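Welcome! Please take a look at the protein below, and then we will walk through some of its backbone and ring features together.

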Amino acid sequence: MSKVYICTAIPYVNGNPHIGHAMDYLLADTYARYRRSQGDEVRFQVGTDEHGNKVYSTAQKNGLSVEAYAAQNSQKFQDFIKKLDITYTDAIRTTDADHVRRCQEIWKQLEPHIYAANYDGWYCEGCESFVTQKEYDENGGICPDHQKPYQKLTEKNYYLRMDDFRDQIRAKIESDEMLILPEFRKQEMLRLLEDTPDISISRPRKQLSWGVPVPGDDEQVMYVWVDALSNYITVLGYPDQDISEWWPASAQFVGKDILRFHTITWPAILLGLDLKLPQKVISHGHVLAGGQKMSKSIGNVVDPMAVLERHGLEAFRYYFLRHIDTFADSDFTWEKFDEAYNNELANDLGNLVQRLATLCRKNEVHGISMPEVVDEEYRKLMDRYEFSKAFDYAWGKVQQLNKDIDIAKPWELAKQGKVEEARNVLSQLVGGLLKASELLEPFLPETSAKIQSIFIADEIVPPSTPLFPKA
RNA sequence: CGCGGGAUAGAGCAGCCUGGUAGCUCGUUUGGCUCAUAACCAAAAGGUCGUUGGUUCAAAUCCAACUCCCGCAACCA
């Protein structure tokens with residue numbers, strides 16, 4: 001039995017929860033449930049990232065105070081997490097007073113690695129923001145929104161010196177002391193690391209007012225990523241409390257797009273604090289809609305709430321944990337979702353429960369207890385975070401049971417008066433189903449519990465409504 | 001020459017590292033069964049493995065070139 005700390009990326013609250021956030025939560029939750037089933041003690045962090053200009057300006061646009069707007073959106077994520085039945089233990093908001101204060105403590109500790117310098121860039125007065133060189137080139141030096149030429153502007157920033165950390169980070173990635181999954185992302189990050197310049201970690205207050213003030217410099221506010229990444233340890237109480245019981249994190253789950261911040265910026269901060277790096281950083285792919293990237297402009301964004309309402313939470317978890325590959329981008333369409341629900345959840349599993357329960361009732365089979373489940377193949381996959389493959393593997397057990405019933409034909413045994421034989425066969429089949437339900441538990445907790453309550457009972461009775469009713 | 005991923009049956013994918021009868025799921029067709037949610041089981045049809053060349057007794061698998069798709073390129077899960 002060991003202590004396990006699991007982290008999820010904290011979403012930026014300038015919008016509604018979408019499918020991608022759900023992936024973080026589902027993967028982390030699956031892992032948390034799995035580790036608990038192995039007897040480990042799990043601490044599981046979630047939270048919301050609430051600082052930054054976008055939140056500030058959207059709040060103003062909506063005529064709300066920034067605090068109220070952030071609180072309102074943070075609540076949406078809280079509700080979302082509850083709807084997904086995520087078994088977290090710790091929740092944090094980056095606007096929490098403790099978090100803000102702790103970030104400032106962290107900053108002070110990092111000071112030996114921080115220096116101030118001027119940043120030159122193109123700036124649009126109308127947008128009140130810097131633009132990248134690429135944007136500048138694309139727009140021919142003129143802001144398309146304001147029809148005014150970009151200005152060259154210089155501002156003061158604080159920087160974190162990457163040269164203090166680069167060699168250490170490279171060594172820890174290469175040796176897998178901080179294991180990046182999948183493997184090809186590790187290679188990507190190693191290359192990226194070499195090209196990473198010193199990291200700008202503050203903005204002048206006039207540019208960014210909604211954030212954590214830099215201690216000792218009223219004119220500067222922390223760059224949001226410094227504030228956001230720190231949440232993984234401030235939620236544990238760092239630096240007020242000794243966090244060595246839980247840190248380093250066993251696993252951090254992030255989307256592929258923010259992997260760089262978790263494998264370069266975050267390690268730099270941790271090394272600056274003399275803390276260990278997370279043991280594993282798992283980067284999942286994106287959910288595509290009909291083979292395309294989801295985007296507001298194309299209008300193909302799939303609302304997770306609508307998906308939840310379609311067939312309920314278990315079907316939601318089922319699709320995104322099994323048919324969305326753990327590491328690669330995968331496709332969601334309503335058609336595929338419905339197919340998976342009808343053919344797999346309803347026909348394979350739901351129907352299996354129904355037919356087996358009926359056979360048990362007719363043959364008066366009862367008094368079955370939970371079998372011991374040890375499955376090396378399954379554990380190997382779970383330990384490698386190959387969740388979609390482990391789920392496939394567990395599902396194979398379910399499909400095999402349908403075949404086994406047809407081979408054993410217990411209803412024929414009963415007809416021939418071989419009652420004892422029929423009961424034996426059925427007990428074995430039920431045992432198989434209970435084992436399968438145990439493997440499915442991290443993915444489909446509610447279904448797994450239902451199956452166990454149906455078959456581990458004084459009297460086995462088929463559920464009055466099927467587990468996965470068809471429309 | 002920015003970096004990376006991919007191209008295998010109608011669809012989605014595995015196999016490639018460690019060459020040797022091309023496999024899985026869904027769909028289609030046929031048959032079986034009747035315990036079950038018109039559910040389940042079995043069988044069949046369907047692929048010159050992106051193109052061209054090379055290595056080899058043998059290439060989806062190794063090498064080279066090419067074509068086409070798709071990500072990423074600093075705050076977008």
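Let's begin with Asp176, which sits in the loop between helix H6 (166-174) and strand E7 (179-181). Keep in mind that this is a predicted model. The phi angle of Asp176 is near 65°, a positive value in a residue other than glycine. Is Asp176 buried or exposed, or something in between? Its relative accessibility is 33%, so Asp176 counts as partly exposed.

Tyr385 also has a positive phi, about 65°, although it is not a glycine. This tyrosine is placed in the loop between helix H14 (376-383) and helix H15 (387-408). With a relative accessible area of 2%, Tyr385 is buried.

Now for the aromatic rings. How many aromatic pairs does a search of the whole structure find? The search finds 28. In one of them, the ring centres of Tyr319 and Phe337 are 5.7 Å apart and the planes stand at 90°, so this pair is edge-to-face. Tyr319 belongs to helix H12 (residues 313-323) and Phe337 to helix H13 (residues 334-362), so the pair ties together parts 18 residues apart in sequence. Both Tyr319 and Phe337 are buried.

Finally, we meet Tyr385 again: together with Tyr31, Tyr34, Phe253, Tyr378 and Phe387, it forms one aromatic cluster.

Notes
Residues are numbered from 1 along each chain as its sequence is written. Chains are lettered from A and ligands numbered from 1 in the order in which they are written. This is a predicted model: local features need pLDDT of at least 70, side-chain atom pairs count only at pLDDT 80 or more; totals for chains, interfaces and linings use all residues. Side-chain values use heavy atoms; hydrogens and water are left out. Rings of Phe, Tyr and Trp (its six-membered ring) pair if their centres lie within 6.5 Å; planes under 30 degrees apart count as stacked, over 60 as edge-to-face and the rest as tilted. Helices (H or I, at least four residues) and strands (E, at least two) are DSSP runs, numbered from the N terminus. Buried means under 20% relative accessible area, exposed over 50%, partly exposed in between (1.4 Å probe, protein chains only).
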